[in-house]
Each structure stands twice: as C-alpha cells, then as structure tokens.
Amino acid sequence: MTIPFSPPDITLLEQQGLLEVLNSGWLTTGPKTKELEQKITQWCRSAGTVCLNSGTAALELSLRLLGVGPGDEVITTPYTYTATASAVCHTGAQLVLADTAPGSYEMDWQQAAAKISRRTKAIIVVDIGGVPCHYSQWLALAEEKQKLFFPSTALQSYLGRVAIVADAAHSFGSQYQGAASGAIADFTAFSFHAVKNLTTGEGGALTWRRGLPAQQLYRQGQILSLHGQTKDALAKTRAGSWEYDILTPGWKWNMTDLAAALGLAQLERYPNMLASRRRCLGVYRSILQGLPVTMLEHPTGETASNCHLNMVRILGCGPAQRNEVIQYMAEKGVAANVHYKPLPLLTAYRNMGFSPKGFPNACRQYENEVTLPLFSSMTQEQAQYAAEVFCQAVGEVAALH
C-alpha cells in the first residue's frame, strides 16, 4: 500500500466549479472571488475578508494595513514556516523571535511579553497543526502592555495597543472558546495552498475581527492587493467605468476566479472533510497507545481543531533516529514529514543573528517530531496501515540504537 502525505481532495464538484468558470469567460478576480469572500466572512463570523493569492500575502497585507514598517518591531515564534517571518522582513520592520513554551509548539507568552518594547507594533501567533493558540492570553497581554504602545498610524491609534495577528495557515475551520478562527485575533491570515485542509490550489485570505473599521479595511485591502489600483477588473467592466487611479505602488496579490471556484466547492464539502480527518486521527490514536510517543492534542478544553496535522514526538529520540523512522516508513510506502525546522536552524535567519542556542525549547520540539499522513480522502484502512508502519519503524530504530 502506498500512502502519500497530503494529496488534495478533489471531486466532481470542484471539477464542475472550474468548468463553470472556464466557460464563463471570466478567469481572474471576479464574481466567484467576491462570493468566496462573503462565504468565508459568514463561515468565520468575521467583520470582513479579502481573498488573496497566498497566505503569505495575507500575513504581509495585515502588517501593511497596520502601517508596520522600518523602525518598528514584530514579535513571532521560531517554530513556524519561513512565511511568518518573511512577511515581517518584507515590510522593513525588525523581526523579533520569542521561544516556545517548554514542551509546547506555541510561543511562550512570558518570553514574548519581555520582548515588547516601544517599537513593537504587532505579535504574530501561529496555530500549529490546526490547534488554535490561547488567544485570550495574547489579547490580554496586548492590553496589559498598552502603556508601552506608541501608535504611528490611524489604525494603530484605533487599536490603542499592539496588534495580535494570527498566522492561521493551518486552522481554517478551527475554534477557540466557541469562536471561529478568523474572528478572534485582530487580523487572521489563512492559507489555501494545495496541502491545506481547504484548498484553492494556491491562495489565501485575510479576515479581521468585528469592532474594526470593516469597510475601510476591505477597500484598503483591495487596493493594496491589486497594484494600488482604485478599481479591480470586475468593476472596470461596468459600462463607462474604465477610468481608474493608482493610489500607491501596490502588490499583485489578488485571487483568481479559478482559484475561488475550487474554494467554493471545498467549502460546501468542508464539514464532511473535517469529519473524515477526525475519524482517521482516532484510528491513529487507538493504535499508537502504549508507544513511547506524544501526539498533538486536537480537541482540548478550549479548542476545536480542524485536525490539519498529525504531529507526533518520539520520546527519547534524536534527529538522526527520527530521520531513520521517516526513511523506514518511506520504504514501506508511507510518506511522513517534519513540522517545523525552527527558523534559527535556517541559513537566512542565522545570517540575521538568530542562534539555535537562544531557542532551546523550539529546538527540542523539532528534534523528535514526525508528522504522519492525514488527509480528508484518507480511508480508515490507510490510517491503520500508516499507524502500524510507524509503530514498526519506531521499534526497528529503537532496536538498532
């Protein structure tokens, strides 16, 4: 049996949606993109949504809307993919990293608190594997540090504190304390990349919570994501409406209707797709009981996870042995992965002065982490086989060492 890591779950419904767009004569940002924005807003119960061409664009757009730039600081975690940090670097702001909490994938709020300064404009927290961060804690920290906050833009003044931005690339469909991901943090950036729970091929979205100036943010988000242009292509097609202006040299971040058609079909099927993931995760959990491992807990007292990643740590195992486990599984036809290599282990961030020694908790989390295959079209038989191969791999590697 061959089991891929995370193939996209595409059905006839997605194919029909794409065909409809192909036959419509409208491929780029248009009615389907607008419909997806509305449906995401409804799904998340957020104040608004801008659909974009990636989750990375969504993260950077949040910082651009806030007016973050040179001279500012943004705090985030080393335990994430580079997109979280690169969005900060692109603005010209100073990247500040705070280690994860001991034994946790989430950034340590006490370490983050100690790094807040007069220059701090945002904290980007990361939902790992689909499990939301402790948002009440992060929002409370931002309120607690109000005296240190010095706004430099109208939106920063409106907030009156450090902004909490969610890198929710993994957590579309998750909940925290009964609230949907997308409506909790000040801004939430989603990814709809091919390996995500809900995909548009490539794509993403930025949402913002209620209480922020929704129409203004949507208008500004539209402008910044399409070259700074005052009208998108759809608006320009209306009779006599060709005229436009460029308000700022913006970016090319808009989503296409082809991508949105995929997203709309996926959203229609999403509850069943999540249920399938939960069933397969249950198979893993039952088989891995008794093995010297810890699994990322998806349902907790506060959170309802979308079960995006099945992250497992092999106790007493180092990086070399972890890699042997992954190789053994590959030879048996089962693809596995690692999430994530902490940023200070990567050349770009070492060159910025970040050292692994400064982030021992994140490095310990990484050293023995294996992500096992989990996807919505996975059968329970596939989950059982993958779990059994993992058990065999752990046993074989332990016997060798």
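**Entry 1: H11 and H14**

I looked up which residues join helix H11 to helix H14, taking contact as heavy atoms within 4.5 Å. On the H11 side I found Gln321, Glu324, Val325, Tyr328 and Met329, and these meet Ala386, Val389, Phe390, Gln392, Ala393, Val394, Glu396 and Val397 of H14. I sorted the residues of this contact into nine nonpolar, two polar and two charged. For this sorting Ala, Val, Leu, Ile, Met, Phe, Trp, Tyr, Cys and Pro count as nonpolar, Asp, Glu, Lys and Arg as charged, and the others, Gly among them, as polar.

I note that the model is predicted: local features need pLDDT of at least 70, side-chain atom pairs count only at pLDDT 80 or more, and totals for chains, interfaces and linings use all residues. Residues are numbered from 1 along each chain as its sequence is written, and side-chain values use heavy atoms, with hydrogens and water left out.

H11 covers residues 319-331 and H14 covers residues 380-400; they pack at an angle of about 135°, and their axes are 9 Å apart. Axes are lines fitted to C-alpha atoms, for helices over the stretch in contact, and angles run from 0 to 180 degrees between N-to-C directions. H11 and H14 are therefore oblique to each other; angles under 35 degrees count as roughly parallel, over 145 as roughly antiparallel, 65 to 115 as roughly perpendicular and the rest as oblique. Helices (H or I, at least four residues) and strands (E, at least two) are DSSP runs, numbered from the N terminus.

Leaving aside neighbours within four places in sequence, I found Gln382 in contact with Met1, Thr2, Ile3, Phe375 and Ser377.

I then turned to Glu367, which lies in helix H13 (residues 360-367). Glu367 is partly exposed, at a relative accessible area of 32%. Not counting residues up to four places away in sequence, Glu367 touches Cys317, Gly318, Pro319 and Arg322. The C-alpha atoms of Glu367 and Ser225 are separated by 38 Å, and these residues are 142 residues apart along the chain.

**Entry 2: The sheet**

I traced seven strands that form an open sheet in the order S1-S9-S8-S5-S4-S2-S3, with mixed pairing. Two strands pair if DSSP finds at least two bridges between them. Strand S1 (48-52) and S3 are the edge strands, each pairing on one side only. From one strand to the next the twist averages 20°.

Helix H2 (residues 31-44) packs on the sheet, where I found it touching S1, strand S8 (187-191) and strand S9 (204-208). The direction of H2 makes about 135° with that of S1. Helix H4 (residues 82-91) lies across S2, S3, S4 and S5, running at about 150° to S3.

In strand S2 (residues 73-76), Glu73 and Ile75 point one way and Val74 and Thr76 the other way, and all are buried. S2 and strand S3 (residues 94-97) run parallel and are joined by four bridges; Ile75 has Val96 of S3 as its bridge partner. Five bridges join strand S4 (residues 120-126) to strand S5 (residues 163-167), and these also run parallel. I found Val126 opposite Asp167 in S5.

How values were computed. Buried < 20%, exposed > 50% of the residue type's maximum accessible area, 1.4 Å probe, protein only.
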